[in-house]
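Please open the structure in your viewer and keep the selection tool at hand.

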Amino acid sequence: MTETIERDSAPPAGQPGPGPRLPQILGPIETAQWLWRRLRRMSTALWLLFGLAAASVVATFIPQEPVIPTTVESWRAGIEGPGPEVAAAFDALSLFDVYGSWWFMTVVVLLFVSLTGCLLPRWRAFVRSVRRQPVKGRRLDELSNAVAYHSTRDPEAALAAVDEVLRRRRFRRRAVSADATESGDAQIAAERGHAREGGSLVFHSAFYVLLVGILVAQSFGFIGQVNVAEGQTFTDTRISYDLAEPGPLFGLDAHRGFSVRLDDFDVGWFPDGTPERFVSTVTVLEDGQELRTEEVEVNHRLEHAGMNVYQMRFGMAPLLTVSSGDTMLYEDQLTLSQADADTWSGVAKVSVADPQIALEVLLVPSFAVEDGEVINRGPAPDEPRLFANLWVGDLGLERPVPSSEFDREGGERVDAVELGEGETAEILDGAIEVGFSELTMWSGFQVGHQPGRSILLASGVLVLAGLIPSLYAYRRRVWAEARPTPEGSRVVLAGVALHRKDAFDDEYAALADDVAQALGAEQRPVEPGEATVEPGDVRSEAEEPTR
Amino acid sequence: MAEFYDAQLGSLSHTLFNTALVAYLVSMVGYFFRMAYTRVAADGSSVSTTVGRRIGQAATALALAGAAVHLASIVLRGVAADRVPWANMYEYSSALALLAVLVGLVVLQRRLGLGHLMGFVLALSIVTMAIGLMLYTDPGPVVPSLQSYWIQIHVTAAMVASSIFMVAFAATALYLVKDTAERRVAARSGSVYGGSTVGAASVTSEADGQPDDRLDGDADEARYASPLAQRQVLSPVLFPLVPFAVVLAFVLVVWRAPVAALLAASVAALVGILTWYAVPHLPPAATLDTVAYRTVAFGFPIWTFAVIAGAIWAEEAWGRFWGWDPKETGSFFTWVLYAGYLHARATHGWRGRRAAWIGVLAFVALMVTYYAVNLFVVGLHSYAGV
């Protein structure tokens, strides 16, 4: 976080310096100061980063409730995983929801506190150092990167030529008059490479932008999931979603109230039975008016009124009828979910009143009989065959969710039937007629409102825009001094890099060549006897600190 | 269903893949010979004998030829499947290995002048390709969620960054070996050795602006006076044995293939003993540390971009930027560790060996994110499995 070198913390105020140290109980203020100092240390930040990393390892290998709740349930029940006792321990440490746990939040908060503690002083120092004029150089001849030129121009003209070279190389320059330098020669002080620290500060500060973006997205955002059968419509209101995760600040009235009708659903299959492409053709309606028709598929969402509709899942939805005499008990497209590679299953709640009636349905999309056994030839529904069991009794159907489950213990299976598409059959000695009129499809959408996208995008841009200069830019200072000689002037060009010295060596060599060209003079090493500053000269007076 | 891919082109592509693999293998041996004929002086400058140079040139030519054949294999694969040729693990491993070879040739050999270390980069590429072979699938189309131009942006960036990190890993691992040797030699010769700061002394200057020349003369002499002493302080038994055991256990547990496990473990043991042999021929630890740092600094922004691009794609395809899916978690973990490495390099008490170990851990995390998450953890990215 900082490139500041750590020092052993200075003794807190009021504590004796050297001498025997007695064990001392820190007061609340001292403790706070101590904590603050500790938090600002780079190694603390590193440990916090590793804490974050450790948390993500845990979350990779332990199922996370917000991601796969069913697996977590089976871990808790001991069906999967290391057993219910371990699962209980995991729960105590909220390891099933690492990213929502108190300890993860603590690490994140501490990291941001530590970041703030690092960044505030650095921003201040950075602004100060950017504002400051390039620093005067002293004893240029003694620097490791130094060359001399003997120019025929007078010092002023020679320095002007050097200044032009530095300007073209985008250095910040400052002319120092002869009486202000230590050597008594006119000087140009130049500097470049604030982009390093600036980039680093932008990179680190971008995480606050990221944090704001996440908070906005989570507070004002909404995610809902809904399954719709072909021909059916869903409306953007809270109750129409099968699953809704509104942010705390996304109210019931924040829904847009438009409707989406699934006109058609198409799916193509690979030979191995996985879907090649699936597309929902939908029409957006507002107040009953058809606005537009669009295709929604994976990687291509529908956007309307600030809500985005994504294609997620799909399945088979046979249109079923269950009637008793002239009374229609059930007529609906039943959404089936994929039970295994070959079959789709679901449960129709025929009657919720006493006695409850349920139709348990199994669908084979491409039915065939081979050696007396039912097989499925492929995923495409070209020969759908429906197998239904009729259950009667106290089936627990009054519970709202999950719709595909029912209580088998409370009732009994009274009859079974097998139907092809367009067929009807009578069961229970003609008391009930079951029909499979048509096979339609259903499509599962995720509907989301994602505010803060531009903030999040901006944070990503800032992270990269800051990161690259913080790794590649480097600060360096260059000075040129010209002393009058009988032929014209002797110019010394010297430079120092604060980072990436190897990169600077190359740059300095190129710069020295450019200056040689500009001055029309050959560069030569600075000779020891040639020092611009005579011993016992100005050096003794006005020792200006270079910092 | 229509014909999904061109089977002939697919098998030609695979033949070229195998050809490139053989070329890399021979080139790797050549590079190791070149290394053996290279003497590294105290200041890190290296001199090869004439034989060494010739073998080195042949090895470079072979590596380049292998890379050309490899590129042809990848292009053909793309033509055969009619999509970007890095959409499953075999293809990704192949492209990753090619990129690592190219990064090694361009960055390590040309820019940094450390061509005699290319053998190690080739070894990593060969291992990657061998794993790719085990995950071979015929070219075919991809699931709907991968049918997006974002695969070119996100996956390519991740792949480029990974290949750079691969070269960085080679440098980091060699740094740790060399640093150990330097320390032990110094300890044996009884000279006062500067401890953790020495390995990084000539590099630290980058961060804190200290002068470069802090190595004290005696330790310097002790370290380079007898390069062979560096070999003697390291165990010739442990160097092949540890990689052998680790790889054997890993492959046995993961693939349950004893023959493949023995083969892979033998290769690892060979690389291990080669590393032991190579110690006197390696540049000074400080140089290796700088190489590692620079390559990580090169790869890190690209990895950052890959993660950001992934988040944007996820938002487009699944309606959320970040869902802590195992792959997302893993790439975040890798990112945090590399960020930690870069920070550690700028922190007193961490730079040198400690930072290097973080770098090693980060690379392991990268590999786990890539292989283990695809193969063993169920998540949204599972489609990319195999």
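Begin by selecting Phe165(B) in this predicted model. Leaving aside the neighbours within four places in sequence, Phe165(B) is in contact with Val296(B), Gly299(B), Phe300(B), Trp303(B), Tyr338(B), Phe363(B) and Leu366(B). Display these residues together with Phe165(B).

Which residues have the most contacts inside the largest nonpolar core? They are Tyr24(B), Phe165(B), Trp303(B), Trp335(B), Tyr341(B) and Leu342(B), in a core of 134 residues. Now colour helix α5 of chain B, residues 150-188, which contributes 17 residues, the largest share of this core. Another core, of 30 residues, lies apart from it; to find it, select Trp269(A), Met316(A), Leu363(A) and Leu386(A), which are among its members. As a general background to both stops, nonpolar side chains in soluble globular proteins tend to be buried together.

Return to chain B and select Asn88(B), which is placed in the loop between α2 (50-81) and α3 (89-111). Is Asn88(B) buried or exposed? Its relative accessible area is 11%, and Asn88(B) is therefore buried, the cut-off for this term being under 20%.

The following stop is the interface between the chains. Here 54 residues of chain A are in contact with 58 residues of chain B. The two chains bury about 4,500 Å² between them, and carbon and sulfur atoms give 69% of this area. Highlight Thr60(A), Asn299(A) and Leu471(A): these supply 13% of the area that chain A buries against chain B, more than any other three residues.

Now select Arg294(B) and Asp502(A), whose side chains meet in a salt bridge, with a distance of 2.2 Å from N to O. Between chain A and chain B the count of salt bridges is 3. Across this interface there are also 11 residue pairs in polar contact, with both residues at pLDDT 80 or more.

Finally, colour the elements of chain A that touch chain B. α2 (42-61), α7 (194-220), β8 (275-286), β11 (307-324), α8 (453-472) and α9 (501-519) each supply at least two residues of this side of chain A. α2(A) provides the largest share, 13 residues. How many residues of this side are nonpolar, polar and charged? The division is 34 nonpolar, 10 polar and 10 charged.

Terms used. Residues are numbered from 1 along each chain as its sequence is written. Chains are lettered from A and ligands numbered from 1 in the order in which they are written. This is a predicted model: local features need pLDDT of at least 70, side-chain atom pairs count only at pLDDT 80 or more; totals for chains, interfaces and linings use all residues. Side-chain values use heavy atoms; hydrogens and water are left out. Helices (H or I, at least four residues) and strands (E, at least two) are DSSP runs, numbered from the N terminus. Buried means under 20% relative accessible area, exposed over 50%, partly exposed in between (1.4 Å probe, protein chains only). A nonpolar core is a set of buried Ala, Val, Leu, Ile, Met, Phe, Trp, Tyr and Cys residues joined through side-chain atoms within 4.5 Å. Contact means heavy atoms within 4.5 Å. Buried area is the accessible area (1.4 Å probe) that two parts lose on being put together, summed over both. A salt bridge is a side-chain nitrogen of Lys or Arg within 4 Å of a carboxyl oxygen of Asp or Glu. A polar contact is a pair of N or O atoms within 3.5 Å; within protein, one must be able to donate a hydrogen and the other to accept it, and residues adjacent in sequence count only if both atoms are side-chain atoms. Ala, Val, Leu, Ile, Met, Phe, Trp, Tyr, Cys and Pro count as nonpolar, Asp, Glu, Lys and Arg as charged, and the others, Gly among them, as polar.
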